[in-house]
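These are my notes from one pass through the model.

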Amino acid sequence: AAMAPGKKITARIKRTLPVRGPQAPTLSELMRWYCLNTNTHGCRRIVVSRGRLRRFLWILLTLSAVGLIIWQCAELLMNYYSASVSVTVQFQKLPFPAVTICNINPYKYSAMKDYLSELDKETKKALETFYGFSEGKSKVRRSVDEWNSSGSEFFQQIPLLKFEDFSKTVTDFHSGQKRKIEGSVFHKDSSIVNSGDSNDIIGFQLCDANNSSECALYTFSSGVNAIQEWYKLHYMNIMAQIPLETKEKLSYSADDLLLTCFFDGLSCDKRHFTLFHHPLHGNCYTFNSGENGTVLSTSTGGSEYGLQVVLYIDEADYNPFLVTSTGAKIIVHDQNEYPFIEDIGTEIEPAAVTSIGMHFTQSRKLSKPYSDCTETGADIPVENLYNKSYSLQICLHSCFQKAMVDSCGCAQYAQPLPAGAEYCNYKKNPNWMYCYYKLHEKFVKEQLGCQQICKDACSFKEWALTTSIAQWPSAASEDWMLRVLSWDKGQKINKKLNKTDLVNLMVFYKDLNERFISENPANTLVILLSNFGGQLGLWMSCSVVCVIEIIEVFFIDSLSIVMRRQWQKAKKWWNNRQQERSGKPPQAGDLERQGHDNPVCIDEDLPTFNTALRLPLPQESPLPRTPPPNYSTLRLETAFTEQLPDTLELGQH
């Protein structure tokens with residue numbers, strides 16, 4: 001029968017390109033063959049050296065060289081993932097950053113009177129109970145109402161408490177009576193050493209609404225900090241229930257905040273500022289936000305060519321319990337970055353001119369495997385709630401807000417809202433305060449996993465700020481300057497301005513040197529391979545072919561020999577088991593059969609010359625002898641069927 005074309009090709013390949021195993025039957029013979037035929041010098045000296053001492057020295061030297069190669073190659077491999085830092089300085093026209101400016105007081109205290117009246121009553125009553133002074137004795141700028149009521153039910157549930165002797169005996173400012181309370185004590189400002197009487201410890205208690213026995217006591221060694229923290233807690237409850245449009249009206253408008261503006265030597269006004277409402281700082285205004293697609297730039301350094309503004313902060317309308325300092329707060333940032341003014345904002349004091357000089361730096365880090373940074377944040381499993389380019393702070397705040405919604409059922413007021421969530425308030429979420437403080441404690445202790453998930457951004461822009469302050473206005477110019485500024489405000493101010501209500505700010509580039517810090521791979525693949533070759537050649541006189549030879553002998557051939565021996569043992573065990581089942585005892589000759597013609601051997605490769613000499617003959621087979629010649633081959637056969645006539649005649653004669 002004719003063979004199929006495919007099978008013909010396969011058979012031809014097997015005949016012409018046979019795949020044979022290792023020539024040595026044992027590992028020791030394989031190693032000896034390798035040492036005698038390899039290109040590396042040390043291995044051959046181990047075999048051919050005479051004397052145990054000399055052979056031992058060559059073994060020691062060869063193993064030391066192998067160890068040094070492994071160590072040096074490991075160092076090279078680790079250094080391959082290192083990066084070198086390069087700094088480039090260029091002098092050119094620079095884009096001016098976005099500058100966000102906020103009043104330290106977020107909302108006009110006069111406009112918030114109706115919303116904060118009950119809270120202010122409770123705060124003033126606590127001051128009278130604990131510190132013995134009333135509104136008439138204290139310097140309170142603005143009265144809200146007569147505070148003769150006991151406050152709302154919610155304020156009574158979370159009152160300010162006075163701790164005695166660091167114990168859990170407290171005085172409630174509502175009733176004035178002492179009582180015992182239970183719960184874990186957390187010192188919110190433990191870094192502050194209380195050097196006075198222990199009776200000055202103030203705090204408050206938060207309990208789980210679902211389990212009243214689960215409570216936490218938050219104490220403060222400073223009464224100022226305790227009152228502000230307690231006030232801010234209830235303040236966020238109130239503000240979370242006010243619509244955004246209403247809060248924008250309660251805060252400062254651009255006309256209220258801005259008195260004068262200059263940029264790059266030219267006049268500017270509120271049209272160059274963009275409204276940005278911050279939950280904790282009210283209406284803020286961003287200069288050069290790039291919202292209309294245009295980013296201003298400057299071609300000259302120095303204070304005269306930057307941003308110069310004079311702000312009116314209206315100190316008399318500050319909330320006396322929410323903020324204890326006056327002035328403005330600014331942050332310099334990129335147009336695509338969110339201004340975390342509560343975290344890294346710079347405070348500007350009134351009655352002074354504050355000059356802020358900038359140095360611009362761009363940084364670029366290599367991502368994996370060189371560093372654990374992210375390019376765009378797309379690989380971070382945290383939703384960006386800020387609608388701005390990724391940063392580590394955005395990731396941390398978004399992660400905490402997501403955990404807040406999942407654990408407490410509502411969102412924290414100071415951060416953006418996730419989709420489908422709403423801000424916490426005590427009417428809809430009576431348990432949110434206790435939940436928030438417990439969750440924030442876990443966040444600070446890095447138990448929420450946010451610090452492990454969030455990564456640094458690989459590229460970012462930074463403006464290094466240098467601040468200097470001078471008194472402003474001077475005594476000589478104070479009178480006429482304040483009168484002119486009051487006149488410029490027109491009908492909006494019906495009195496002469498006070499210098500403590502004014503903030504003078506200058507933001508400018510100290511120079512136009514752009515610093516670019518970048519990471520570059522310290523090694524390339526070509527350099528790595530060259531270093532590997534240098535180490536192999538130095539210690540073992542080895543090349544790439546030698547490495548391939550090592551792989552073939554020590555991995556492929558050695559494994560083949562081991563697997564063949566194991567397979568033969570398993571085959572032998574299986575044959576013996578089959579003979580035991582059939583009742584036929586194993587023959588002694590079967591145990592000795594090895595070789596190409598032995599049926600026990602499953603290796604299809606031909607035996608080598610050395611192994612063929614050691615193959616035992618089967619006992620039942622006759623000894624090989626030279627076969628006798630086939631005498632029939634000596635018989636002459638005529639080549640013709642008939643004899644010619646002339647040959648017959650010769651035969652007869």
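I looked up E478 and found it in helix α14, which spans residues 478-489. The model is predicted, so I kept the cut-offs for local features in mind: they need pLDDT of at least 70.

Next I listed the contacts of E478. With neighbours within four places in sequence set aside, E478 touches P473 and K499. I also took the C-alpha distance from E478 to K499, which is 7.9 Å across a sequence separation of 21 residues.

I then turned to T129, which sits in helix α5, residues 113-131. T129 is partly exposed because its relative accessibility is 34%. For T129 and K162, the C-alpha atoms are 9.9 Å apart, while the sequence separation is 33 residues.

The pocket came next. I read off the volume of the largest pocket as about 1100 Å³. Which residues lie nearest its centre? They are E229, K232, L280, E342 and Y436, out of a lining of 33 residues. By class I noted 15 nonpolar, 10 polar and eight charged residues in that lining.

I sorted the lining by helix as well. At least two residues each come from α7 (223-239), α10 (341-344), α11 (392-408) and α12 (432-444). Helix α7 gives the largest share, seven residues. By domain, I found at least three lining residues from domain 2 (94-105 + 257-317 + 326-517) and at least three from domain 3 (109-132 + 153-240).

I noted a mean pLDDT of 78, with 75% of residues at 70 or more. For residues 183-199 the pLDDT is below 50, yet the model gives this stretch 38 contacts beyond near neighbours in sequence.

I counted 19 helices and 23 strands. Of the 653 residues, 39% are buried. Taking contacts between residues at least 6 apart in sequence, I found that 73% join residues at least 24 apart.

Definitions and conventions:
Residues numbered from 1 in each chain as written. Predicted model: local features only at pLDDT ≥ 70, side-chain atom pairs only at ≥ 80, totals over all residues. Heavy atoms only, no water. 1 Å grid on protein atoms, 1.4 Å probe; cavity = no way out; pocket = protein on both sides within 12 Å on 5 of 7 lines; lining within 4 Å. Points joined across faces, edges and corners; volume = space filled by probe spheres on them. Helix = DSSP H or I, 4+ residues; strand = E, 2+ residues; numbered from the N terminus. Nonpolar A, V, L, I, M, F, W, Y, C, P; charged D, E, K, R; others polar. Domains from an automatic or database assignment. pLDDT = per-residue confidence, 0-100. Contact = heavy atoms within 4.5 Å. Buried < 20%, exposed > 50% of the residue type's maximum accessible area, 1.4 Å probe, protein only.
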